Amino acid sequence: MAVQGKHEFVAGQGLTTTKAPYIENAVANGEMYIEQPYELYSPENHDAWQRLYARMQDRWARYANQKFLDGLATLCFEATHVPRLEDVNKFMVPRTGFRARAVSGFVPAFQFFDCLSRREFPTTITIRDGSSLDYLPEPDIFHDIAGHVPMHTDPAFADTLVRFGKCAHTAAELVSGVKDEAEKLRRLSSMQNALQRFFWFTIEFGLMRGDKPGEHKAYGSGLMSSYGEIVHCLESPDVQRHPIQMEWVVNQHFEIDHYQPLLFVVNDFEHLFELLGQLERWMKEGKLNNVTPGWRDMSDADVRSFLEASLNK
Ligand SMILES: [Fe+2]
């Protein structure tokens, strides 16, 4: 048994989403970066991983892009146990320099993108409850590790994530000289909306052209970690799938609590990398200072993170 303050952490007590004393303690202490106390995972946690992982195998084989499948082969996840981040990193770091870094939960927007610029991926270590494998509003280790990380073994994809981080720094720099606080906040909010939307429609829910004419494959982590949506996104006639267009994506609202009705298709990860270059150019040219406001505007913590970054530029 490990004791921290008045908290007791018992081996096997569980690291279940929203029910983990270890995480509550870290959040209460303001700790964003944490360890992965592997001994705390319960048999039910490992069972949840095993079931999630097993049922995705056929769907990944059918719907995932080849880079994801190559990444899975590289990372050698254990089918029966929640992965140790140190093991994941052992296979990933030599490929692209990216490493998974455990966090206690919410990471303010600027810090999140800043981590990407340093080739660190903020990673949730809790796992969803075994009784609700299908829907989870918050990320968990299955989403972060099985959904995101296999693509991080691809150099063009990894470089794209770094470019997202650079774009956040560029946004902070661009407003650093703006004296009028209201105008500064307005521009920052607009650029962050654009960045967040672009991340959502690519890294979280992106589609890619397949090898055959008219074929699409999934690469977005929200698709790769969802047993239902990975089929829906490619098979359903209710989903609009369009070649990606920057001016559309940066102005497009999204909602997080249902399957996505609109998805965008990139040619490949080199194409995605080029698009991030375009996003940064548009930022510098002021083209992202007035994107459509959305209901998912920045939270107070997100705003503060960008404002603080701009003061340090
Ligand atoms: Fe994600």
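**Close-up views of a predicted model**

**View 1. Helix α6 sits inside the structure.** Helix α6 (residues 141-148) is largely enclosed by the rest of the structure, because 8 of its 8 residues are buried. Here a residue counts as buried if 20 or more other C-beta atoms lie within 10 Å of its own, as exposed if 12 or fewer do, and as partly exposed in between, with C-beta atoms placed from the backbone. Helices (H or I, at least four residues) and strands (E, at least two) are DSSP runs, numbered from the N terminus. This is a predicted model, in which local features need pLDDT of at least 70 and side-chain atom pairs count only at pLDDT 80 or more, while totals for chains, interfaces and linings use all residues. Residues are numbered from 1 along each chain as its sequence is written. To find the buried residues of α6, look for Ile141, Phe142, His143, Asp144, Ile145, Ala146, Gly147 and His148. They pack against α2 (43-63), α4, β3, β4 and α9 (221-224); for such contacts, the C-beta atoms of two residues, placed from the backbone, lie within 7 Å.

**View 2. Strands β3 and β4 run side by side.** Strand β3 (residues 99-103) and strand β4 (residues 120-124) are parallel and joined by 5 bridges. Two strands pair if DSSP finds at least two bridges between them. On the way from β3 to β4 the chain passes through helix α5 (residues 109-117), making a right-handed β-α-β crossover. Right-handed means that, with the strands pointing away from the viewer, the path from the first strand over the helix to the second runs clockwise. Strand β4 is largely enclosed by the rest of the structure, since 4 of its 5 residues are buried.

View 3. You can find Phe106 in the loop between β3 and α5. Is Phe106 buried or partly exposed? Phe106 is partly exposed, because it has 17 C-beta neighbours inside 10 Å. Phe106 and Glu138 are 32 residues apart in sequence, and their C-alpha atoms are 9.4 Å apart in space.

**View 4. An open sheet has 4 strands.** Follow the order β6-β5-β8-β7 across this open sheet, whose pairing is mixed. β6 (216-218) and β7 (240-243) are at the edges with a single partner strand each, so one side of each has no neighbour in the sheet. From one strand to the next, the twist averages 35°. Strand β5 (residues 207-209) pairs with β6 in the antiparallel sense over 3 bridges, and Leu207 has Ala218 in β6 as its bridge partner. In a regular strand, side chains alternate between the two faces of the sheet.

**View 5. Phe264 belongs to strand β8.** Strand β8 (residues 262-266) contains Phe264. Phe264 counts as buried because it has 23 C-beta neighbours inside 10 Å. Leaving aside neighbours within four places in sequence, Phe264 is in contact with Phe201, Gly206, Leu207, His242, Ile244 and Val249. Lys284 is 20 residues from Phe264 along the chain, and 24 Å separates their C-alpha atoms.

**View 6. Helices α7 and α12 pack together.** Two packed helices are described by the angle between their axes and the distance between the axes. Helix α7 (residues 155-175) packs with helix α12 (residues 269-284) at an angle of about 5°, and their axes are 9 Å apart. These axes are lines fitted to C-alpha atoms over the stretch in contact, and angles run from 0 to 180 degrees between N-to-C directions. So α7 is roughly parallel to α12, a label for angles under 35 degrees, whereas angles over 145 count as roughly antiparallel, 65 to 115 as roughly perpendicular and the rest as oblique. Among the residues making the contact are Phe157 and Phe164 of α7 and Phe269 and Phe273 of α12.

View 7. Thr18, a residue other than glycine, has a positive phi near 65°. Thr18 is in the loop between β2 (7-9) and α1 (21-28), and is partly exposed, with 14 other C-beta atoms within 10 Å. Cys76, also a residue other than glycine, has a positive phi near 55°. Look for Cys76 in the loop between α3 (66-75) and α4 (85-96). Cys76 counts as exposed because 11 other C-beta atoms lie within 10 Å.
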